Amino acid sequence: MKMDQGSLIETAEELYESAPCGYLSTLPDGTIIRANQTFLTWIGMDRQDLVGHTCFQDLLSVGAKIFYDTHLTPLLRMQGFVNEIAVDLTCTDGRVLPVLANMVQKGDANGRPMVHRITLFNATDRRKYERELLLARQKAEQATEELKRLNETLEERVTEEVAERLKAEEALRQAQKMEAIGQLTGGIAHDFNNLLTIIVGNIELLQRRLPEGSDRLQRAATHAMEATRRAATLTQRLLAFSRRQPLDPKPIDVNKLVAGMSDLLRRTLGEVVVLETVLGGGLWRSQADPNQLENAILNLAVNARDAMPDGGKLTIETANARLDEAYVEVLAEPVPPGQYVLVAVSDTGSGMDKATMERVFEPFFTTKEVGKGTGLGLSQVYGFVRQSNGHVRIYSELGEGTTIKVYLPRLIGSDEEPAEMPAKNPAMVRGMGETILVVEDEPDLRTYTTEALRDLGYRVLEAGDGQGALDIVAEHPEIDLLFTDVVLAGGMNGRALSDEVSRRRPGLPVLYTTGYTQNAIVHHGRLDPGMHLIGKPFTYAELASKVRRMLDGDHL
Amino acid sequence: MSAVLKRNNVKVFGRGQTPMIFAHGYGCDQNMWRFITPAFEDRYKIVLFDHIGHGHSDAAAFDPAQYGSLNGYADDVLAICRELDLTDAVFVGHSVSAMIGVLAAIREPERFAQLVLIGPSPRYIDDGDYVGGFKREDIEGLLDFLDSNHLGWSSTMAPVIMANPERPELGEELTNSFCRTDPDIAKHFARVTFLSDNRADLPLVKTRALILQCSHDAIAPEAVGRYMHQNLPGSEFIQLSATGHCPNLSAPEETIAAMEAFLRDPAPVKAVA
Ligand SMILES: Nc1ncnc2c1ncn2[C@@H]1O[C@H](COP(=O)(O)OP(=O)(O)OP(=O)(O)O)[C@@H](O)[C@H]1O
Ligand SMILES: [Mg+2]
């Protein structure tokens, strides 16, 4: 077939109508007077509806229309053309078509604008890409800005961070040191206590059995007893520091306790030191071991006295206090924020320098001359307070004085009456032939205890371990009291034994003894409610009093 | 040249004594007065300038807080007047610069004898009974749309993006050479302009003012021009047959004629319906 050459070549008309861009001619006011098919297809309008009726700018999105009026038209008037200006077309179906517009302004002989020729390119992909570029640029700018700021503050932040780290490490080291010393001393003190109990017992035995008239021997025995008691006090403080002393926390009214100590304190402080107590009104009750709290206050008072050899003033204050999050956050040791009862002991003495202050809680740290101080006073305070979930704080100024603040947790939700002060000198009370089963795996200690009890007028049965004790219980229904060590050899500890005995003999009173608390009876250093304990080393008198009260059902 | 004159790229020419200061609107620079000034340069002292961030002004002098409202731009106009010691000037402001001139004239009335306000609007966004012509979303749409032309490399905005100090030649080569704007400043100016509300300032104006209202002006519709006329004490109103928003470019003769009539005639021109 012979082709007509002309039909192979596109006509200008064809090119105009179907070119891949939109062509428009408009009057200077924007009225469209001609549009190609490509544009009509884009916009979705018929030629007759568009041409002559619509202004180009009216086909634009609002933003693009403002831009057309404020930027594009002025530019076109000034330059005679514009190239690749972005505008958004709004199609009849609501779609927005991003395009790039090239416009040329044609004028008459006088240069008056007559017509605009507009070429539009579909810029969907390009615009998307440009948006991404813009976002990337904004991100890059932000990052640069951020980096600049970081750089500017880098040195400062490093210094801060390092200081923070050092502080935390120091606190940790301090806490670890205290913990390690605590374990060490706790272990030694525990063994020591057992030995002391035997020594005390045997000295007492000697004292009782020495024939009349052997005065020199009696005096020797008295000296030995005194020294042993001092040794016992030391081990007690060591145990306190290691937080392994058996505590017997009770609801206490700290005001009452402090008031009850005033005689003792006056005697301790002597003539030259004036004592002032400021007891806070409406003071909350606290929960702590009252004996140990007395000890702590006494230790603090003694320290204060020692710091004021030429006299001065000692002030004991109590108050309700609140430790807030911010305060507890910076402490080396964990202290929960909340309500506390504060006991503050202040003096007008020598004060301490910083180096001293950092070490005062360490056991055996003392600045006093040999023989004057053991360095265990504040260790006891520290151990006791920490074991009671409290907090101690020292404020001291060289040459001005010292305040030591003890915070004990407020007791909430208990109507129990504050504990009465323990009797200072338990009266010697004797047995009336009641039967006591003594269970103790340490033979010397068992002998001492048994003898002491027999001496006091009790009938004593003894066992060296749990199983032996159970056998005896089975054979002797007349047993009135079980007296057992908490830690027993042979697989059954005192707690398990007492549980088993209670099953067989409900209501049988049980008295525990221990020098050490890391075991079943004492949770976190505290006695389970309703359990009774006599700490080692115990004296004859303490034993007498405790056993009597147990048997009388007077379980204070 | 003084700092102010440099900052705002101030140009002074003409053979007359009476100052005539021209302020371009949003989207343009002083080039937009090119068809108007020849008619006045024989009789007036012509003062042209670029708003900060536009044309050849010093974009580095821009501070978003200082230019946070139209008052910041009015400050610049007054600074120029002070620098050139202008009094009793004719102020010709297009679009947003009409309001900038209004603010300047309220603050230092002695500087201005007449105000020619081309396509003015005291508020672009509708507000109750007041018709400004735009909704708030429209303006957001504009701000968003502006980015399209900030990155289109050969667009109006591009020359400024490209005009980095290391390669100054790039800016010059690009095709659309008029009305350069710094994209960030332009966007800021757009926001300040289209979110402005200076209706309460109108009654404070003591200066004689002419309002030139175009036909089919989408930026400043006729209702807005009428509102201006009603609220601007003693103002005169002329409805131009020119269409669009820039009669100074699309219909310079008609614009010049209206200005001449106003400047020549000390008596109020009767409003043309
Ligand atoms: N109130 C105080 N004023 C000044 N220094 C004090 C005070 N309290 C304690 N210190 C210092 O802390 C040290 C340790 O006190 P701590 O009570 O633990 O032991 P000690 O008093 O030396 O001996 P002791 O075991 O007899 O109490 C003291 O030696 C003293 O240097
Ligand atoms: Mg001490």
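A helix here is a DSSP run of H or I with at least four residues, a strand is a run of E with at least two, and both are numbered from the N terminus. The structure is a predicted model, in which local features need pLDDT of at least 70 and side-chain atom pairs count only at pLDDT 80 or more, while totals for chains, interfaces and linings use all residues. Residues are numbered from 1 along each chain as its sequence is written, chains are lettered from A and ligands numbered from 1 in the order in which they are written, and side-chain values use heavy atoms, with hydrogens and water left out.

**View 1. A:Arg503 belongs to helix H16 of chain A.** Helix H16 covers residues 494-504, and A:Arg503 is part of that run. Is A:Arg503 buried or exposed? A:Arg503 is exposed, because its relative accessibility is 61% (buried is under 20% relative accessible area, exposed over 50%, partly exposed in between, with a 1.4 Å probe and protein chains only). Its side chain makes a polar contact of 2.7 Å with the side chain of A:Glu500 (N or O atoms within 3.5 Å; within protein, one must be able to donate a hydrogen and the other to accept it, and residues adjacent in sequence count only if both atoms are side-chain atoms). As background, residues three or four places apart in an α-helix point the same way, because there are 3.6 residues a turn.

**View 2. Ligand 1 is surrounded by 20 residues.** The closest of these are A:Asn303, A:Thr366, A:Thr367, A:Lys368 and A:Thr374 (near means a heavy atom within 4 Å). Which residue places a polar side-chain atom 2.8 Å from a nitrogen atom of the ligand? That residue is A:Asp347. On the oxygen side of the ligand, look for the backbone: a polar backbone atom of A:Leu376 lies 2.8 Å from an oxygen atom of ligand 1, and a polar backbone atom of A:Gly377 lies 3.1 Å from an oxygen atom of ligand 1. Ligand 1 exposes 590 Å² when taken alone, and the protein buries 92% of that (Shrake-Rupley areas, 1.4 Å probe). Two elements of chain A, helix H10 (290-307) and helix H13 (377-387), each give two or more residues to the shell. H10(A) gives the most, with three residues.

**View 3. Helix H13 of chain A is enclosed, and a residue with positive phi follows it.** Eleven of the eleven residues of H13(A) are buried, so the helix is largely enclosed by the rest of the structure. Among these buried residues are A:Gly377, A:Leu378, A:Tyr382, A:Phe384 and A:Arg386. After the helix comes A:Asn389, which is not a glycine and yet has a positive phi, near 65°. A:Asn389 sits in the loop between H13 and strand S11 (391-397). With a relative accessible area of 43%, A:Asn389 is partly exposed.

**View 4. Aromatic rings pair up in both chain A and chain B.** The rings of Phe, Tyr and Trp (its six-membered ring) pair if their centres lie within 6.5 Å; planes under 30 degrees apart are stacked, over 60 edge-to-face, and the rest tilted. There are 16 aromatic pairs by this rule over all chains. A:Tyr16 and A:Tyr23 are a stacked pair because their ring centres are 5.3 Å apart and their planes meet at 10°. A:Tyr16 is buried, at a relative accessible area of 15%, whereas A:Tyr23 is partly exposed at 26% relative accessibility. In chain B, B:Phe62 and B:Tyr67 are stacked as well, 5.6 Å centre to centre with 15° between the planes. Both of these residues are buried. Ring pairs also join them into a cluster whose members include B:Tyr26, B:Tyr73, B:Tyr124 and B:Phe134.

**View 5. Arginine side chains lie over aromatic rings in two places.** The charged end of A:Arg34 is over the ring of A:Tyr16, 3.9 Å from its centre (NZ of Lys or CZ of Arg within 6 Å of the ring centre and within 35 degrees of the ring normal). B:Arg208 lies over the face of B:Phe262, with 4.2 Å to the ring centre.

**View 6. B:His216 is a loop residue of chain B with a positive phi.** Phi of B:His216 is about 50°, although this residue is not a glycine. The loop that holds B:His216 runs between strand S6 (208-215) and helix H8 (222-231). B:His216 is exposed, with a relative accessible area of 72%.

**View 7. B:Glu137 is a residue of helix H4 in chain B.** Helix H4 covers residues 136-151. B:Glu137 counts as exposed, at 53% relative accessibility. How far apart in space are B:Glu137 and B:Ile125? They are 9.6 Å apart, C-alpha to C-alpha, and twelve residues apart in sequence.
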